[in-house]
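Student: Could we go through this protein model together, step by step? I would like to learn how to read it.

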Amino acid sequence: MEYVLTASALGKRYGHCKALDGLSMAVPQGAVYGLVGKNGAGKTTLIRLICGLQEPSSGEYTLYGRKNTARDIAQSRRRMGAVVETPAGYLDMTAEENLRQQ
């Protein structure tokens, strides 16, 4: 079976805070995957690592067969798309007004 993404003991730390702690997973080619979890579970951190926006503190991953440390990992990243959400609102509106606007 071919995998588009594998992760082995992947970790990311920010000082003393563990944002991702020993994640291992494998996403088969053609699979649809969703990341579900509470705030702070590491979903966005994982996406940022895979996109190359951050470097892992420990462990490794492969994307389309290329290790994250490979010089040509950018070629694998060109094959994917990602949207890293940043919650935003209109600062001059209340929370309720922002929700109604959405």
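Predicted model: local features only at pLDDT ≥ 70, side-chain atom pairs only at ≥ 80, totals over all residues.

Student: What is the mean pLDDT of the chain?

Tutor: pLDDT is the predictor's confidence in each residue, from 0 to 100. In this chain, 97% of the residues reach 70 or more. The mean pLDDT is 90.

Student: Which element has the lowest mean pLDDT?

Tutor: Helices (H or I, at least four residues) and strands (E, at least two) are DSSP runs, numbered from the N terminus. Among these elements, strand 3 (residues 58-63) has the highest mean, 97. The lowest mean, 80, belongs to helix 3 (residues 95-101).

Student: Which pattern does the chain follow along the sequence?

Tutor: The chain has three helices and four strands. Read along the sequence, they give the pattern β-β-α-β-β-α-α.

Student: What radius of gyration does the chain have?

Tutor: The radius of gyration is taken over C-alpha atoms, and the globule rule is 2.2 Å times the number of residues to the power 0.38. For a compact globule of 102 residues, the value would be near 13 Å. The C-alpha trace here spans about 50 × 35 × 25 Å along its principal axes. The radius of gyration of the chain is 16 Å.

Student: What percentage of the residues count as buried?

Tutor: Buried means under 20% relative accessible area, exposed over 50%, and partly exposed in between (1.4 Å probe, protein chains only). Of the 102 residues of the chain, the buried ones make up 23%.

Student: Which element gives the largest share of the lining of the largest pocket?

Tutor: A pocket is found on a 1 Å grid over the protein atoms alone: it is an open set of points where a 1.4 Å probe fits, with protein on both sides within 12 Å along at least five of seven lines, and lining residues have an atom within 4 Å of a point. The largest pocket is lined by 22 residues, and L5, V27, Y33, I50 and G81 lie nearest its centre. Two or more lining residues come from each of strand 1 (3-14), strand 2 (17-28) and helix 1 (43-51). The largest share, four residues, comes from helix 1.

Student: How many residues in the lining of the largest pocket are charged?

Tutor: Ala, Val, Leu, Ile, Met, Phe, Trp, Tyr, Cys and Pro count as nonpolar, Asp, Glu, Lys and Arg as charged, and the others, Gly among them, as polar. This lining has 18 nonpolar and four polar residues. The number of charged residues is none.

Student: What volume does the second largest pocket have?

Tutor: Grid points are joined across faces, edges and corners, and a volume is the space filled by probe spheres set on the points. The lining of this pocket includes Y14, K38, K43 and R48, and by class it has three nonpolar, five polar and three charged residues. The volume of the second largest pocket is about 190 Å³.

Student: Is E2 buried or exposed?

Tutor: E2 sits in the segment before strand 1. Leaving aside neighbours within four places in sequence, E2 is in contact (heavy atoms within 4.5 Å) with P28 and Q29. Because its relative accessible area is 59%, E2 counts as exposed.

Student: And is N68 buried or exposed?

Tutor: N68 is in the loop between strand 4 (66-67) and helix 2 (73-77). Not counting residues up to four places away in sequence, N68 touches P56, E60, Y61 and I73. With a relative accessible area of 11%, N68 is buried.

Student: Where does Y64 lie?

Tutor: Y64 has a phi near 50 degrees, a positive value in a residue other than glycine. At 26% relative accessibility, Y64 counts as partly exposed. Its place is the loop between strand 3 and strand 4.

Student: How far apart in space are V4 and L20, C-alpha to C-alpha?

Tutor: V4 is in strand 1. In sequence, V4 and L20 are 16 residues apart. In space, the C-alpha distance is 20 Å.

Terms used: Residues numbered from 1 in each chain as written. Heavy atoms only, no water.
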